[in-house]
Amino acid sequence: MGGAGGRGRDHVGRCPQLDRIDDALAAVVAGSFRAVAVRGEPGIGKTMLLAELADRAEGRALVVHAGRATEFEQNVPFGVFIDAFDRLRATNPGDAEPLAALTAAAAGDRPPQLDRYRLFRGVRAVLERQAAERGAVLILDDLHWADPASLQLTEYLLRRPPRAPLLIALAHRSAQPPPGLADALARLDSAAVRLTVEPLTMAEIAELLPDQPARRHRLLHRATGGNPLYLNTLADADEQTLTALVGQPVAAPERVLLDVLSTELRALDPVLRHVAHAAAVVGDAAEPELVGWVAGGPPGSAAEALDGLSRCGMLVADGPRFRFRHPLVRAAAYWDTPPAWRTRAHARAARYLRDRHGSLLMLAHHTERSAQPGDAAAVDTLARAAVASRHAAPAIAARLVERALELLPDRDEFAHRRDELRMLLARTLGLSGELARSRALLHEVIQADGPGRTEAVTFSAVVHRLLGTLDEARALLTGELDRLPGTGAATAQALVELAGVEILRHDLGAARRHAARAVEVAAGTGNPAVRAAAHAVLALGSLQANEIAAARGHADRAAWLLDATPDTLLLTELAIVAPLAWVDLHLQHHDRAARHLHRAIELATGSGLTHSMPYLLIADACLHARRGRAAEALTAADDAREYARIMHAAEAAAMADVARLRPMLWCHGPKAALALADRVSGAGRPGLGWWSALARVGLAEVYLAAGRAEACLAQVSDGDVDPATAAYRSALAAVAAAELGRVADGHRHASDAINHAVRAGLTHQLGVAHEARARVLASAGDGTAATADAQAAVTHFAEAGTPVEEGRARHLLATLYARTGRHERARGELGQAKAIFAAGSATWLSAALARDALRLAARGPRSGRATLTSRERQIVDLVTAGLSNREIAERLYLSKKTVETHLSRAYAKLDVRSRVDLTRRIAR
């Protein structure tokens, strides 16, 4: 391979691809992220391009990590990443924890509570640290063979690229594109470089083999179809062999290549060939001791044979291990083995790993390929491996359980074991997002009417809830309750789940009835977790009915019980923490909600119960937003959506988007929030469940901020009665009506908002209602009354502990003061609002505040300087929001020089000399 910019024989026909690779590397050196996707047929030269990419990256002083997926280890999770980070694990103690977690997930030698999303974030953090100093490259070859966990991690890294100068290069066969990667690459837009590697032309073959005659060039081209690996293998073949191959189907060269490579294997010395077979069974990176065990024979003979295979070019030394020179060579060696011997070889490898306590998942890999039906020990091995991997790699775990079920003896004494495995498979499929298959298996367990029936019913109701089939969940739970006794934890848990389903169905009467019954039944169980769950779901039902006193009483009881519950018991009822935190958020028990969410999130990530994570993080995002931490709210909601996407939980993903609406507006403004609102509306989910009213409130707020008052009214005036959001809906309707000039309607809606808030007795609702009435009164020209309401809004928001809303009310109050000439008081309110927005990372609100501060400065008693033009005010707003001149130019579609000209004029008009002076002037 040549260095950067080289043009050696290996580059024949590949110069355009190498030029694009150089461009991508240059972008990384300049500080950007890039992805390079290489596709082509087997043997076409994908690996050569990636190797050249690695050489050129190292020539630019970039850190390079390279891994390759393998054909026969697709049930070993994260294999390509383990290969890529192999050396880093030994040399970089700073990344020890996430890399140790990755290794544990691949081996199955850590307790099964490994959260795959936390694992994904750990790998992303490792790459960020690696790339931060001088840039890095991650190469993932042969992804068509990658295990599902590796593919999910790759997709995650492409969808949420590390914030560092990094290039991710991946290669796969044209006919086997990994699922999900195409969409992830498309989302990267111009940051993704797609390369297709085509066969060599006859002219390129002639350039590659200049010492051979033209007739042979034609024959080689016809025989190989221009495939470089095939061409390299047959470069020295006689004309008779080449002529015989001309009729072979070159459209699918892999079979032909395997046949040719098998011929090469059969020409080896028998001992070398036997050891090559053993190495092919052992794995892609074969350890000599294990190869010797599988091959048998005298001590040391395998090591000598491995050296011989290395000398003849069949194997390549990779540290203490050996790899085949190309994956197809290993495939040829593997399929060249006699089938019965191959099965026994896998069994010997499994015995070696079992006796030496080797990797559980590698043990399962060899067990799966050697076990016979009826082998109960093999069933236990596969089941243990599935339990160890189900949270980090559920798709692989599901495959292992399916194989265990195939091997399980078909006898009555194993009926209970079969139900256990079905239940394990159903839960694992649920984790991997295959909800329909999970539901079908659960129904098999339910129909078997064994000891696991009630557990299957409860989990099946969860699956139905995730699928959105709420009527089926209700029928299933109602039928099970008819079978259960009137007492006991199982009955209480079924009642809690049924109450939750009824809340989602918006039948608050039924929800509260079942929850009240759950409270009665749970009281006799002595289980504080079940009792807490019952009180929590009753508190949520009461909150939805706007019966605040009842909601507060049950929430207090649930919180007390939750604090008294040991972690081991809470794990069984972890899902109830999110709705309880939601109730506490609205009752303004922010610290209590934060404490419970922190505990639950720690337990969920530590125990692998990731199906609870989307809802816990959604509640956490809403709590951060309520407490004025916009950036933290966005991060939590983004994490919730990523968890939901990995689980294929569309309902949770839609809820996460709803939780993002307000902080997105505060941080990034109406344009970004409208794009998110369109996705929420397009998902078609706001009409479902108790949170649909919250979705409409969020959408209405975004539409109002974007100047779309009619769209705002459409969201809050659809006739859907929801007591819990009545004050918010009326407040939004009041402001929208006023902006449309319908002042009478505005006054009516504002009065309704005040009345709803007074009945609820919650200071946050009172703040929203008074702010809305202030805006309506201001639009009607009643500044005095509007000022009084704005002052009341500030007071209520401060008491509620909701600083961003307090800042917005202060901004409104400053505007009202300025209208009546009270400029000093206006500046005081603006200063406090600015501090609030800055503390909460509410960038867009800060920019809007800066614009009004400039207007106030221009109107107030100043030295006679000319007022700013609209363009100058726009640029000053962006400067005070922290944008550079280049960023402002890009946002406003101006040249950098034009921005500098406008900014210098603004400096002169405002009598300032720098950005710092400008910011201070605006703050004053």
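1. Helices (H or I, at least four residues) and strands (E, at least two) are here DSSP runs, numbered from the N terminus. The model is a predicted one, in which local features need pLDDT of at least 70 and side-chain atom pairs count only at pLDDT 80 or more, while totals for chains, interfaces and linings use all residues. Residues are numbered from 1 along each chain as its sequence is written, and side-chain values use heavy atoms, with hydrogens and water left out.

2. Leaving aside residues up to four places away in sequence, His-144 touches Ala-171, His-172, Arg-173, Gln-176 and Pro-178, contact meaning heavy atoms within 4.5 Å. A polar atom of the His-144 side chain lies 3.1 Å from the backbone nitrogen of Arg-173.

3. Thr-763 belongs to helix H40 (residues 763-779) and is buried, its relative accessible area being 16%. Its side chain makes a polar contact of 2.8 Å with the side chain of Gln-588; such a contact is a pair of N or O atoms within 3.5 Å, and within protein one must be able to donate a hydrogen and the other to accept it, with residues adjacent in sequence counting only if both atoms are side-chain atoms. Not counting residues up to four places away in sequence, Thr-763 touches Gln-588, His-796, Glu-799 and Ala-800.

4. A pair of aromatic rings is described by the distance of the centres and the angle of the planes. Rings of Phe, Tyr and Trp (its six-membered ring) pair if their centres lie within 6.5 Å, and planes under 30 degrees apart count as stacked, over 60 as edge-to-face and the rest as tilted. By this rule the count comes to seven aromatic pairs. The rings of Phe-72 and Tyr-334 are stacked, because their centres are 4.1 Å apart and their planes stand at 25 degrees. This pair links distant parts of the chain, with Phe-72 in the loop between strand S2 (63-68) and helix H3 (79-84) and Tyr-334 in helix H17 (residues 327-336), 262 residues apart.

5. Trp-335, by contrast, is partly exposed, with a relative accessible area of 47%. Phe-72, Tyr-334 and Trp-335 form one aromatic cluster.

6. Where do charged ends sit over rings? The charged end of Arg-356 sits over the ring of Trp-293, 5.0 Å from its centre, and that of Arg-427 sits over the ring of Phe-459, 4.3 Å from its centre. The criterion is that NZ of Lys or CZ of Arg is within 6 Å of the ring centre and within 35 degrees of the ring normal.

7. The structure holds 57 salt bridges, each a side-chain nitrogen of Lys or Arg within 4 Å of a carboxyl oxygen of Asp or Glu. Arg-124 and Glu-128 form one of them, with their closest N and O atoms 3.8 Å apart. Both residues lie in helix H6 (residues 116-134), four residues apart, about one turn of the helix. Arg-124 is buried at 12% relative accessibility, as is Glu-128 at 17%.

8. Arg-323 forms a salt bridge with Asp-284, the closest N and O atoms being 2.2 Å apart. Arg-323 is in strand S7 (residues 321-324) and Asp-284 in the loop between helix H14 (270-282) and helix H15 (288-295), so the pair ties together parts that are 39 residues apart in sequence. Both Arg-323 and Asp-284 are buried.

9. The side chains of Arg-660 and Asp-638 also meet in a salt bridge, at 2.9 Å from N to O. Because Arg-660 lies in helix H35 (residues 650-682) and Asp-638 in helix H34, the pair ties together parts that are 22 residues apart in sequence. Arg-660 is buried at 13% relative accessibility, whereas Asp-638 is partly exposed at 24%.

Terms used: Buried < 20%, exposed > 50% of the residue type's maximum accessible area, 1.4 Å probe, protein only.
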